[in-house]
Amino acid sequence: MIINILITGGAGNVGSSLAKKLAENSDYKVYVFDNLITGSLLKIPNSSNVEFIKGDVNNFDQIYSLMNKISFDFVFHYAALVGVKRTIENPLLVLKDIEGIRNILDLSVKNKVKRFFYSSSSEVYGEPVESPQREETTPLNARLPYAIVKNVGEAFLKSYYKEYGLEYGIFRFFNTYGPNQSSDFVVSKFIDLALKDLDITIYGDGTQTRTFCYIDDNIDTTIKIMEEKLFTNSIINIGSDAEISILDLAKLTIKLLKSNSKIIFMDPLKEGDMTRRRPDISKMKSILSRNLVSVEDGIISIANFRKK
């Protein structure tokens, strides 16, 4: 029996990687739905059990035409306007994503979807009041439109479960990077610049810290959650707990790639560049039961991919 899986935003970094991994199972039929504003057709796996449909989840008629035709078992709602600068510069477009959340939730209830997975973000924590950030106890301190929309999405999922019994999983992603990531995100940007011996620019003094999750760790975790019905109707941080400053990340990239790039410091961003990010990933570690990919191995892996 074929299991139908829908991935909105499936032409992006995480969505396309999820589609590729799911496509390895011949029991799955994967439908990728994306408006290609930030996604790319080149990222979608060329597989007989993957089908691409161009469309915007914020447009009810477009997503309805798909979900009225196909009965989906699982939905991964990953479609969203992403990127710190992009979301700050386009706040109304960000807020429009709320319509997409409602559209696909309403149709998932009608479609009798077994479980709905939502890509939330570390941004919901805002400027963190504690470290590490814990799913159940850390206060959410979000102020930017992108983070607020993600928080609203989480509230919608909880409400639809209470009202309609639609089971869910909320993934709070922390800086997931991989070969399919576009070069306007920090790890890929640094790698691409270092490979060309171009200057690497850093906003502020580079002391702001992040953790970086390699795509394989993200995908292996989320698929196990789906297949083994883990952490039903709850929130889980998906990331790494290895904290590194942006300056040290730049230095590490230059060192690993034997680059001649120089580090250039720019004025700090006016908003959106939080001082610290580090999740509690106890739940994630209990699912994976293996070591996470180190940032060193991740950088080398992506650099080798880029060279090809």
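First, the ground rules. This is a predicted model, where local features need pLDDT of at least 70, side-chain atom pairs count only at pLDDT 80 or more, and totals for chains, interfaces and linings use all residues. Residues are numbered from 1 along each chain as its sequence is written, and side-chain values use heavy atoms, with hydrogens and water left out.

Start with strand β4, residues 74–77. Strands here are DSSP runs of E, at least two residues, and helices are runs of H or I, at least four, numbered from the N terminus. Is β4 covered on one face or both? Both. Phe74 and Phe76 are buried on one side, Val75 and His77 on the other. Buried means under 20% relative accessible area, with a 1.4 Å probe and protein chains only. In a regular strand, side chains alternate between the two faces of the sheet.

Now the partners. Pairing takes at least two DSSP bridges. Strand β1, residues 3–8, runs parallel to β4, joined by 4 bridges. Leu6 stands opposite Val75. Strand β5, residues 115–121, also pairs with β4 in the parallel sense, over 4 bridges. There, Phe76 faces Phe117.

On to the helices. α8 is residues 246–256, and α10 is residues 295–307. They pack at about 55 degrees, with axes 10 Å apart. Axes are lines fitted to C-alpha atoms over the stretch in contact, and angles run from 0 to 180 degrees between N-to-C directions.

Who meets whom? From α8, Leu249, Leu252, Thr253 and Leu256. From α10, Val295, Glu296, Ile299 and Ile300. Contact means heavy atoms within 4.5 Å.

Note on methods:
Buried means under 20% relative accessible area, exposed over 50%, partly exposed in between (1.4 Å probe, protein chains only).
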